[in-house]
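Please read this note with the sequence and the model open side by side. The points are numbered so that each can be checked in turn.

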Amino acid sequence: MELTFWGVRGSIPAPGPGTVRYGGNTSCVSLRTEAGKLIVLDCGTGARNLGITLMGGEFAKGAGEGSILLSHAHWDHIQGFPFFVPLYVPGNKFHIFGGAKSSSMLEGILEGQMAPQYFPVQTLKNMGASIDIVAITEGTPVPVEGCRVLARTNPHGRAGALAFRIEEAGKTVVYASDAGYPPSGPPAWM
Ligand SMILES: [Zn+2]
């Protein structure tokens, strides 16, 4: 498995000379499985550069397929979603997994940030690619791109954030981003 870090910042993008080494984009990590499949972990602003890179391959021809795992829907984890170019190419297929009470609720959350007051392209269906959205619950393994994915909820904000354990042929990657700051008073990061 090969991991690439496209965005490593939290809360808001942090460009500038102090963040040159690891970049200033918010959360986005891509994973290429041993079998060559694509899993995207979170869609912060780092997803923009990931998308541009993917357009150098089959995603430009509408022949790409991949899965997106969303830890939670705070802005720094979804803000790059509307700017992820492969989503606009008809023929591409994406499977989106995230924590919500239902798949339609998760779809509504993603649609919400693309409401006309916030973004010019309305609705996921207008993006072009085939997109299916599945709400997952912690503790129940789901098959994703040939891997076994197990989610657990970390304490984070009101709804928590999912951490993902991804297993493929004896190899394991754990993606655990946001977890536990004091439940009352100003957040520690402010
Ligand atoms: Zn968060």
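1. Some terms come before the details. A residue is called buried when its relative accessible area is under 20%, exposed when it is over 50%, and partly exposed in between, using a 1.4 Å probe and protein chains only. Val 121 is partly exposed, with a relative accessible area of 23%. Val 121 sits in the loop between H3 and S6; helices (H or I, at least four residues) and strands (E, at least two) are DSSP runs, numbered from the N terminus.

2. This is a predicted model, in which local features need pLDDT of at least 70, side-chain atom pairs count only at pLDDT 80 or more, and totals for chains, interfaces and linings use all residues. Residues are numbered from 1 along each chain as its sequence is written, and side-chain values use heavy atoms, with hydrogens and water left out.

3. To return to Val 121: what does it touch, leaving aside neighbours within four places in sequence? Val 121 is in contact with Tyr 88, Met 114 and Asn 126, where contact means heavy atoms within 4.5 Å. The C-alpha atoms of Val 121 and Pro 82 are separated by 8.2 Å, and these residues are 39 residues apart along the chain.

4. The structure holds three aromatic pairs. Rings of Phe, Tyr and Trp (its six-membered ring) pair if their centres lie within 6.5 Å; planes under 30 degrees apart count as stacked, over 60 as edge-to-face and the rest as tilted. Phe 59 and Phe 94 form a stacked pair, at 5.5 Å centre to centre and with 20 degrees between the planes. This pair links distant parts of the chain, 35 residues apart: Phe 59 is in the loop between helix H1 (47-54) and strand S4 (65-70), and Phe 94 is in strand S5 (residues 93-99). Both Phe 59 and Phe 94 are buried.

5. The rings of Phe 83 and Phe 119 have centres 5.3 Å apart and planes at 85 degrees, so this pair is edge-to-face. Phe 83 lies in the loop between helix H2 (75-78) and S5, and Phe 119 in the loop between helix H3 (103-112) and strand S6 (130-136), so the pair ties together parts 36 residues apart in sequence. Phe 83 is partly exposed, at a relative accessible area of 43%, whereas Phe 119 counts as buried at 10%. Elsewhere, ring pairs link Phe 59, Phe 84 and Phe 94 into a cluster.

6. The largest nonpolar core has 25 residues, and Val 40, Ile 68, Phe 81 and Phe 84 touch the most other members. A nonpolar core is a set of buried Ala, Val, Leu, Ile, Met, Phe, Trp, Tyr and Cys residues joined through side-chain atoms within 4.5 Å. Two or more residues of this core come from each of strand S3 (38-41), H1, S4, S5 and H3. H1 gives the most, with three residues. Apart from neighbours within four places in sequence, Ile 68 has contacts that include Val 40, Phe 81, Phe 84 and Phe 94.

7. Which residues are closest to the centre of the largest pocket? Its volume is about 420 Å³, and of the 21 lining residues the closest to its centre are His 72, Gly 99, Ala 100, Ala 159 and Gly 160. On a 1 Å grid over the protein atoms alone, a pocket is an open set of points where a 1.4 Å probe fits, with protein on both sides within 12 Å along at least five of seven lines; lining residues have an atom within 4 Å of a point. Grid points are joined across faces, edges and corners, and a volume is the space filled by probe spheres set on the points. H3 supplies the largest share of the lining, three residues.

8. Asp 42 lies in the loop between S3 and H1 and is buried, with a relative accessible area of 0%. Glu 145 is in the loop between strand S7 (142-144) and strand S8 (147-154) and is buried at 12%.
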